[in-house]
Structures are given as structure tokens and as C-alpha cells.
Amino acid sequence: TDQDSGHVIHVADDRTTESVEVFYASLTDKQRANIEAVAMDMWPAYIKATRAQIPDAENKIAFDKFHVAKYLGDGVDKVRRQEHRALMQEGDRTLKGSKYQWLRNPHNMSSEQASHFAALRDSTLKTARAWAMKEMAMDIWRYQSRGWAIKAWKSWFAWAQRCRLEPMKKVAATLKNHLCGILNAIALGVHNGHAESNNARIQRI
């Protein structure tokens with residue numbers, strides 16, 4: 001989809017390198033050179049095709065904020081599941097039924113839900129620490145300067161290295177390996193929202 005208008009400009013089967021290369025092949029050399037940004041998830045096939053076909057691709061590939069958030073959310077949920085099992089063995093039901101509270105936007109909670117979640121969030125639970133890490137990482141997206149964003153991510157990676165929460169350390173390693181594309185997304189202000197919206201409509205149909 002076009003980043004500005006949201007118009008669908010190419011449809012292909014599957015999620016292969018060839019799926020994307022067919023689109024790039026339909027463009028002239030000048031059109032490919034004039035592409036300013038390519039927002040995507042971290043799927044290797046998309047990265048490979050874009051690197052092969054788009055000039056200066058390393059500065060144009062931008063990893064979508066929604067997908068970064070999903071990686072972080074999955075890390076938080078794995079910490080929650082591990083901690084919940086350990087607590088239940090001790091007869092502690094603190095985390096029972098809390099899965100979606102950790103994944104939901106606090107702004108979308110009722111006052112009762114927000115009050116209950118605040119107690120969990122402010123606790124000494126490992127899950128609360130993982131959630132705080134996720135929130136801090138997502139807050140970095142407010143930066144517009146690549147330099148400040150790099151400093152913020154480096155600080156976050158150092159925290160992740162010390163956190164002793166293996167799921168979050170694994171997420172941090174993945175994000176660190178894709179940091180260039182994350183910084184591009186922040187600096188260029190692009191996202192995958194139009195494509196995700198269209199895909200959601202298709203799935204509903």
C-alpha cells in the first residue's frame with residue numbers, strides 16, 4: 001500500500017521473497033530509486049527482496065511499530081506465564097486471569113479494571129518489570145531525532161541485559177539485530193497501518 005494515501009498498489013500470494021520482487025520488477029529504475037521508505041514487519045523474505053532491489057535499502061527499510069510492540073507483548077506474556085506457574089505452585093493466585101490486563105492499553109480499561117491493574121503494575125512482580133520494559137521501549141517512538149533514539153535504545157538494551165528475564169532478553173536480542181530498521185521507522189515516521197487495516201478487512205470478509 002502507498003504510505004501516504006493507503007491505496008493498494010500491489011497484491012501477491014504468500015509471503016516469499018518472490019512475492020515482493022514481482023512488485024519491484026514492475027517499477028522503473030527511477031521509481032525504485034525514488035522510494036523513500038518501505039515499512040514492513042521483520043519477515044526475512046521482505047528484507048531480502050528490498051535489499052536486493054531498492055538502492056540504499058538499509059536507510060529505507062522501516063520496521064513497523066505495531067510489530068515491535070507485538071514482540072514486546074509476547075515477551076511480557078511469556079514472563080507472566082512462567083511467573084504464574086511458579087506462584088500457583090505456592091498457592092498464590094495473584095496473576096490468575098490477568099493475561100489481557102498486561103496486553104490491553106490502560107486507557108481502554110474501566111475504572112475498576114484500571115484500579116486492579118495499577119496494583120499489579122506497581123508491584124514487585126517480574127511481570128510488572130517486564131511490562132515496564134515494554135512501555136519504556138514503546139515510549140522511545142516519540143523521539144524524532146535518530147541520535148536521541150539511538151541513545152535511548154542503547155540504554156534500554158543495557159537494562160534488558162541486566163533484567164534476568166529470559167523472554168525479555170530474547171526479545172531485546174531480536175530488536176537489537178533489527179535496530180537500524182527500527183530507527184528508520186522512528187526517524188522517517190512511517191508505519192504499516194494501511195496494510196494492516198486492509199488485511200483486517202479482508203479477514204473479516
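This briefing describes a serine in a loop and a helix with its surroundings. The model is predicted. Ser 98 sits in the loop between α4 (65-89) and α5 (99-103), and helix α7 covers residues 126-139. Helix α7 also makes a crossing with α8 that is left-handed.

**Ser 98**

- Ser 98 has a relative accessibility of 1%; because buried means under 20%, Ser 98 counts as buried.
- A polar atom of the Ser 98 side chain lies 2.7 Å from the backbone oxygen of Leu 95.
- When residues up to four places away in sequence are not counted, Ser 98 touches Arg 80 and Leu 120.

**Helix α7 and its covering**

- Helix α7 has 14 residues, and the distance from its first C-alpha to its last is 20 Å, close to the 20 Å expected at 1.5 Å a residue.
- The buried residues of α7 are Thr 127, Ala 128, Ala 130, Trp 131, Met 133, Lys 134, Ala 137 and Met 138.
- The elements that cover these buried residues include α4, α5, α6 (111-121), α8 (146-162) and α9 (166-177).

**The pairing of α7 and α8**

- The axes of α7 and α8 come within 10 Å and cross at roughly 165°.
- Because angles over 145 degrees count as roughly antiparallel, α7 is roughly antiparallel to α8.
- On the α7 side, the contact is made by Arg 129, Ala 132, Met 133, Met 136 and Ala 137.
- On the α8 side, the contact is made by Trp 153, Trp 156, Trp 159 and Ala 160.
- Met 133 and Ala 137 of α7 are buried and take part in the contact with α8.

How values were computed
Residues are numbered from 1 along each chain as its sequence is written. This is a predicted model: local features need pLDDT of at least 70, side-chain atom pairs count only at pLDDT 80 or more; totals for chains, interfaces and linings use all residues. Side-chain values use heavy atoms; hydrogens and water are left out. Helices (H or I, at least four residues) and strands (E, at least two) are DSSP runs, numbered from the N terminus. Buried means under 20% relative accessible area, exposed over 50%, partly exposed in between (1.4 Å probe, protein chains only). A polar contact is a pair of N or O atoms within 3.5 Å; within protein, one must be able to donate a hydrogen and the other to accept it, and residues adjacent in sequence count only if both atoms are side-chain atoms. Contact means heavy atoms within 4.5 Å. The expected span of a helix is 1.5 Å times one less than its number of residues. Axes are lines fitted to C-alpha atoms, for helices over the stretch in contact, and angles run from 0 to 180 degrees between N-to-C directions. Angles under 35 degrees count as roughly parallel, over 145 as roughly antiparallel, 65 to 115 as roughly perpendicular and the rest as oblique. A crossing is left-handed if the near helix is turned anticlockwise from the far one by less than a right angle, and right-handed if clockwise.
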